Amino acid sequence: MSDETPDNGVTTELGERRVRFSVDESIYDLDVVMGAAYLFIDRCYVYLDREADRRVQVVLRTRAAASEDELHALAGHFANELLNQALRKQIGESNARLREFIMARALFSAEGPSTIDRLLAELDAEEMASDDLDIPVPWEKTPGG
Amino acid sequence: MAEPLALRFHKSLYLGDAVRRAAERFAALGAITLGESDADWLVSAVPLRESVRARLGDELSNHALFETILARKGIST
Amino acid sequence: MMNTELTVDPRAFDRKTVGYFRYGVVNGQVLMTNDVGEHLFLDPADFHRFLAGQIDRGEPLYDQLRRRYFFKHELDLDGLADKLRRKKAFLLNGPHLHAIVTTLRCNHSCRYCHASRADMDRVDTDMSLETARKVVDFAFTSPTPVLGFEFQGGEPTANFEVIRFVCDYALEKNRYENKELLLSLVSNLTLMTDEKMNYLLDKGVMVCTSLDGPADLHDKNRGWMEKHSSHAAVTAWMDKFNAEWVRRGFDPDLFHVDALMTTTRHSLSRGPEIVDEYVNRGIRSIHLRPLNPFGFAVNTWKQIGYSMDEFLAFYKSTLDYIIELNRQGTFVQERLASIFLTKMLTPDDPNYSDCRSPCGSGSAQLAYNFDGSVYTDDEGRMAAHMGNDFFKLGHVDTSSMDEVLKHPTVKALAVASIQDALPACHSCVHKATCGVQPLHNYMFDGDIFGQRPLSRKCQEFYGVQQYLYQLLSTDTDGSLQRIFRRWTIQRSRPGTTPYVPASEVTS
């Protein structure tokens, strides 16, 4: 049995107790794929392979027996988790310097008052050029769902 | 003697030290030897009992993923 | 640890306005949390507007997000740093909790006990007075302004001479050290006498015992080596202590025997009865503690063990009952909920060693075996008893506090419990209010870095926090939050700090 869903960066193939994904690494980087896969190890055995350049194959083998519907749902959850992990990564990266500053200030610093405007201006000056992510919306739900 | 279980972990995805630590972790379940090809870290495991064959490969894979994620964060167990 | 049941579009992300936060889904709402423990529920549509930078200044929601530090461009840096400093204040002190194993001897043989116990004739497992003196001297070198000694065992009162010596010596020594000194005893109370009781009361030693519920349940769990009821003996002494505190003019809400309960399979259907047993004895705090599933024979675990799903069902229904009692005017709190609620609803952290980041093993608490060996905590001592000395930090004869605090094991445990570095923890919605105890990972999995999604402790903490937020999300009239806030108020006993038992595993 198989289910091809080519428009969201993830293609899926089902087998007995087994779901296979092919993830486009130019859309979801490896940290995102691994972060998502790790959240499934309580229900699945996870195996990653290099399908092609910039494509990661993810195999989830369920710990317990699973119906075809359940495997489909697992595939949907995984695709959804990729989006959430990608968002979390963005939130983390865009605030990393700010968090470091606040942590240092809280625990180690005795400097005078700071303003967010001054700090953001400093950070803006260093801001890396940030390409817009090309992440499509998954097939099952629309934002807000 | 049981047939060896052959696992491979692509070098662009898994770290060698992580695979080694995973293999050490499950050494009690079988005789495990490590090797490598150009592309992969190779694990050959002869399970102590046939009943642990699938589990050995599955758990070792999960652990190699876990160790790789930790190592990518700069943490070594 | 669950997947995120929410579909998001990472392209619609406004990096100029969105500050750092974590998120998850509770009751169909998006729960947002941040590093200082602030939280806010948003409906998914508002959440997506927030991500896209589309919340207008004129909206009430804007101010709610701003005040809770979710807007990057509106951050009050000094206010946020102050809050973070207060939340992490526990990092600035040395070990404050010092567990002293006065003996391994015990007259009980509890079915779930992990403490390395010995039979009552094994006096060779008693701590000597000379070692006790060195333990006190060693503990006093901790830089902490608050110093607690907790007597554990075995059954610590089997070697009462050492308890008496430590109390007298520590109190005398503190006349010059001027720390805030807390003395406590974890005992099954079955070796208590009037003379010992009066000594403990005279010295202000707070007592904590084990009470698993009504008599039949308690006695089923406890293998006392006498023919009569352990429950009867324990409760008789609890009542006697409590009456004596009152007779001496102390507030019974603050000065009473505390108790710890351990949940076995036999407890799962009896939550309300267990709570009633506590309330009827004047105990206003109950900690619904799950069994730790290590060190059991397979058959024993089959008889008394259970899945974490079964425990969480028990926990939730019993918590519901406790809340209902509060609504009816009876104050009683569940302790794990109180710990999490303090983190969720107040600017403080209760410094609970098992739920901190980094953990408190070796840095907030130490344990001293009867022979003077120093361990990260009591679980570290038990791990050593099971054959692994990794958690042994030194010996009071030969080690200094500085050497102990800089021990590689203490550093390793800290690294293994810093959630920002742990996969799954670092992005978990409950990260700011949760914590990791690497010793649990080690005891369960043989590795201080446990795989969080497989960890029973993670499942327990995640499940309890998820349920507390679920309850808060439906608290439309604020009545539940008023009850919960009362649970977070720790009234200090005069001359002492709030009593926090370290013995979360021992019986």
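Domain bounds, as the word domain is used here, come from an automatic or database domain assignment. On that basis chain C is divided into domain 1, residues 22-87, and domain 2, residues 94-507, and the centres of domain 1 of chain C and domain 2 of chain C, taken over C-alpha atoms, are separated by 35 Å. This is a predicted model, in which local features need pLDDT of at least 70 and side-chain atom pairs count only at pLDDT 80 or more, while totals for chains, interfaces and linings use all residues. Residues are numbered from 1 along each chain as its sequence is written, and chains are lettered from A and ligands numbered from 1 in the order in which they are written.

Between the two domains of chain C, 17 residues of domain 1 are in contact with 16 residues of domain 2, two residues being in contact if their C-beta atoms, placed from the backbone, lie within 7 Å. On the side of domain 1 of chain C that touches domain 2 of chain C, β1 (22-26), β2 (29-33), β3 (39-42) and α3 (77-87) of chain C each supply at least two residues, and the largest share, four residues, comes from β1(C). Helices (H or I, at least four residues) and strands (E, at least two) are DSSP runs, numbered from the N terminus. By class, that side of domain 1 of chain C has five nonpolar, seven polar and five charged residues, where Ala, Val, Leu, Ile, Met, Phe, Trp, Tyr, Cys and Pro count as nonpolar, Asp, Glu, Lys and Arg as charged, and the others, Gly among them, as polar.

Taken as a whole, chain C holds 18 helices and 14 strands. Its radius of gyration is 23 Å, close to the 23 Å that the globule rule gives for 507 residues, so chain C is as compact as a globular protein of that length; the radius is taken over C-alpha atoms, and the rule is 2.2 Å times the number of residues to the power 0.38. Along the principal axes, the C-alpha atoms of chain C fill a box of roughly 70 × 50 × 50 Å. Of the contacts in chain C with a separation of 6 or more, 71% are accounted for by residues 24 or more positions apart.

Within chain C, an open sheet of nine strands has the order β10-β8-β7-β6-β5-β4-β12-β13-β14, with mixed pairing, two strands being paired if DSSP finds at least two bridges between them. The edge strands of this sheet are β10 (288-289) and β14 (392-395) of chain C, each of which pairs on one side only.

Helix α13 (residues 378-385) of chain C is largely enclosed by the rest of the structure, because six of its eight residues are buried. A residue is buried if 20 or more other C-beta atoms lie within 10 Å of its own, exposed if 12 or fewer, and partly exposed in between, with C-beta atoms placed from the backbone. The buried residues of α13(C) are D378(C), E379(C), G380(C), R381(C), M382(C) and A383(C), and what covers them includes β4 (97-101), β5 (146-152), β12 (365-368), β13 (373-375) and α16 (438-445) of chain C. Just after α13(C), G387(C) takes a positive phi of about 110°.

Chain B meets chain C through a contact that takes six residues from each of the two chains, and the residues on the chain B side divide into four nonpolar, one polar and one charged. The secondary structure of chain B comes to two helices and three strands, which run β-α-β-β-α from the N terminus on. Of the 77 residues of chain B, 39% count as buried. D38(B), in the loop between β2 (30-36) and β3 (40-47) of chain B, is exposed, with 5 other C-beta atoms within 10 Å.

In chain A, strand β5 (residues 55-62) pairs in the antiparallel sense with strand β3 (residues 18-24) over seven bridges and with strand β4 (residues 44-52) over eight bridges. D24(A) stands opposite R55(A) in β5(A), and C44(A) stands opposite T62(A) in β5(A). The hairpin of β4(A) and β5(A) has two residues between the strands, and in this hairpin R54(A) takes a positive phi near 65°.
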